[in-house]
Amino acid sequence: MRRPWIVGVLLAGLLLGACGDPASGPEQSPPDPALPTAARSPTTTTRQRPATSPTASTPANALAKAAPTVVYLGDSLAMESQKVLGQSLREKVNARYTSAPYSGTTLCDYLEGTGKRSLVPPADKAAALVRSLRPDFVVLQFWGNSWGYTPCMDGVTYDKQPATYFKRYEADMKRLTEQIADAGGAQRPRIVWVTQGPDPITPDRVRTVNALYEARAAASHDLLADAGRTVSPATARYTWAQYLPCTAYEREHPSYCTEPDRDRTALHRNDDYLHFCLAPTTSTPKPCPVRSPGIVRITREITRVIADRVG
């Protein structure tokens with residue numbers, strides 16, 4: 001194993017355990033200028049439950065069209081994006097929204113039956129939230145924890161056991177789908193699998209993880225949000241880039257086109273190739289406190305997929 005690769009792995013390990021937010025920064029992320037400032041999503045520690053819940057007599061389709069209930073789960077990428085996604089969903093589809101991301105986690109952490117080996121408490125397991133909130137959609141965003149940060153992976157890592165890693169990841173996807181479906185019963189929520197952007201260290205790993213997401217969504221008749229495409233070069237889906245040309249949306253909202261004179265915007269900080277928050281990372285994971293084009297790109301695509309279903 002080459003030394004630069006090891007250094008990159010160690011750096012990524014530190015980054016996965018944190019999420020962009022300066023220690024002296026605000027607790028809440030600033031609003032998207034195109035969305036109302038009243039829209040806020042709850043944080044992991046102060047999560048609010050929806051004011052109303054579906055009744056057994058309410059048809060699922062009618063409920064979704066009126067005001068879908070959305071649950072957002074994931075790792076540090078979801079942690080940094082949770083407030084922006086909630087804001088976007090509330091504005092676009094009047095969603096009732098709950099987020100429960102935990103940095104450093106992967107799919108097995110949200111499985112019931114993992115006990116002390118999980119970084120997610122029992123009340124925030126995917127099935128537990130489905131039973132209590134009766135959501136119409138469960139959004140799952142996981143980079144694909146590949147270096148054994150969480151005990152529930154039983155030491156399986158991509159660098160040492162790539163075939164075993166993918167087999168285990170695929171099995172956990174199936175188990176999580178089954179647990180969500182069983183918890184939903186007659187009101188089974190649609191799962192939205194969120195694809196990931198390029199990884200400069202293990203590009204083939206991300207490519208395969210995304211393919212697994214696509215296959216699982218098709219097999220269980222769920223949804224795929226190709227958010228990773230929005231943070232990739234137009235002609236090179238799995239080539240990592242710190243900067244990309246500004247989109248029409250970013251040009252219309254200049255605070256998201258970070259270098260307008262060069263018609264490009266920053267997706268990553270110089271010291272963090274993985275996360276999309278443009279604030280420094282700290283050891284205390286929190287939602288991103290600054291406007292960040294990459295986060296907006298990702299959350300707009302997730303919102304689009306759900307809005308298309310709500311109709």
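Glutamine 141 has valine 194 as its bridge partner in strand E5, and this pair belongs to the contact between strand E4 (residues 137-141) and E5, two strands that run parallel and are joined by five bridges; strands are taken to pair if DSSP finds at least two bridges between them. Between E4 and E5 the chain passes through helix H5 (residues 162-184), forming a β-α-β crossover that is right-handed, a term applied when, with the strands pointing away from the viewer, the path from the first strand over the helix to the second runs clockwise. Helices (H or I, at least four residues) and strands (E, at least two) are DSSP runs, numbered from the N terminus. The model is predicted, with local features requiring pLDDT of at least 70 and side-chain atom pairs counting only at pLDDT 80 or more, while totals for chains, interfaces and linings use all residues. Residues are numbered from 1 along each chain as its sequence is written, and side-chain values use heavy atoms, with hydrogens and water left out.

Strand E5 (residues 190-194) is mostly covered, four of its five residues being buried (under 20% relative accessible area, with exposed meaning over 50% and partly exposed in between; 1.4 Å probe, protein chains only). Three bridges connect E5 to strand E6 (residues 223-225), again in a parallel arrangement, and valine 194 stands opposite alanine 225 in E6. The chain reaches E6 from E5 through helix H6 (residues 203-219), in a β-α-β crossover that is right-handed.

Within helix H5 lies alanine 171, which is partly exposed at a relative accessible area of 37%.
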